[in-house]
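Please open the model in a viewer and keep the selection panel at hand.

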Amino acid sequence: MTCGRQNQRRAGLALAAAALLLAGCGQSAETKGADGAKGGAAAGASASASSSSSAKASVAPLGPGEVRVGGEVAKPYSVTLADLRKLPQASVEVKFTSAKGEQRHTYQGVPLHDVLKTAEPRFDAAKKNGRLRGFVSATGGGDYRAVFAWAEIDPGFAKSQVLLAVSEDGVAFDDAAGPRLVVPQDTKGGRYVSELNQLWVGVVDPVVDAAK
Ligand SMILES: Nc1nc2c(c(=O)[nH]1)N[C@H]1C(S)=C(S)[C@@H](COP(=O)(O)O)O[C@H]1N2
Ligand SMILES: [Mo]
């Protein structure tokens, strides 16, 4: 038997996750919340709260294709896949390796930097290159998560064009599923977070300074 994270994600159903759990396919603590909850109704319907003591009951369930943008920002907001389609688009041709082997795709979408700037990240202007202390956590379906340094996604620093993709090879992503992160500079597919539902801007100073 395989513990198919990919299949689970593809299925995108709380039902599939329940079946995996019943089948004893529980994943380690690093993939807690194996509820497969993505954007969409499944997020609200799943028992995700039971898998995380830090879950906040006060937070409304995610709407279809909703991505919450928050953290160290002045203006937290939500953007849906449908909203993203109306914003200025970029297109990238990429290749990356995955468990399926090499993949080549053309993605269309909105630069991640644009989406985050709208939320007005609060970087320390008093510190030299304060934004270099920033990072972005991207969470997708199945509580899959990857982190970026701010400089990696800021065209003012890096030659990168990280996108919140709305389509792959001309095929639109399901509005309920949410966008996919596309990371042209990566050779592996790990940070191509699918069914994106949260972007969280952070600053490393509190963690680093606490360790002094
Ligand atoms: N939400 C989510 N996104 C994910 C993953 C995942 O498990 N969950 N796996 C990543 C990994 S390890 C790879 S290699 C690619 C694979 O992309 P594919 O599923 O389109 O083949 O997706 C990435 N994005
Ligand atoms: Mo992967």
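Begin with aspartate 143, which lies in the loop between strand 5 and strand 6; strands here are DSSP E runs of at least two residues, numbered from the N terminus. Aspartate 143 is not a glycine, yet its phi is positive, at about 60°. The residue is partly exposed, with a relative accessible area of 30% (buried means under 20%, exposed over 50%, partly exposed in between, with a 1.4 Å probe and protein chains only).

The model is predicted: local features need pLDDT of at least 70, side-chain atom pairs count only at pLDDT 80 or more, and totals for chains, interfaces and linings use all residues. Residues are numbered from 1 along each chain as its sequence is written, chains are lettered from A and ligands numbered from 1 in the order in which they are written, and side-chain values use heavy atoms, without hydrogens and water.

Next, select strand 5 (residues 134-139) together with strand 6; the two pair in the antiparallel sense over five bridges (pairing requires at least two DSSP bridges). Threonine 139 has arginine 145 of strand 6 as its bridge partner.

Now move to glutamate 195, in the loop between strand 9 (180-182) and strand 10 (198-203). This non-glycine residue also has a positive phi, of about 50°, but glutamate 195 is buried, at 14% relative accessible area.

Finally, select leucine 181. Beyond its neighbours within four places in sequence, its contacts (heavy atoms within 4.5 Å) include Ala138, Phe148 and Leu196.

Notes: Helix = DSSP H or I, 4+ residues; strand = E, 2+ residues; numbered from the N terminus.
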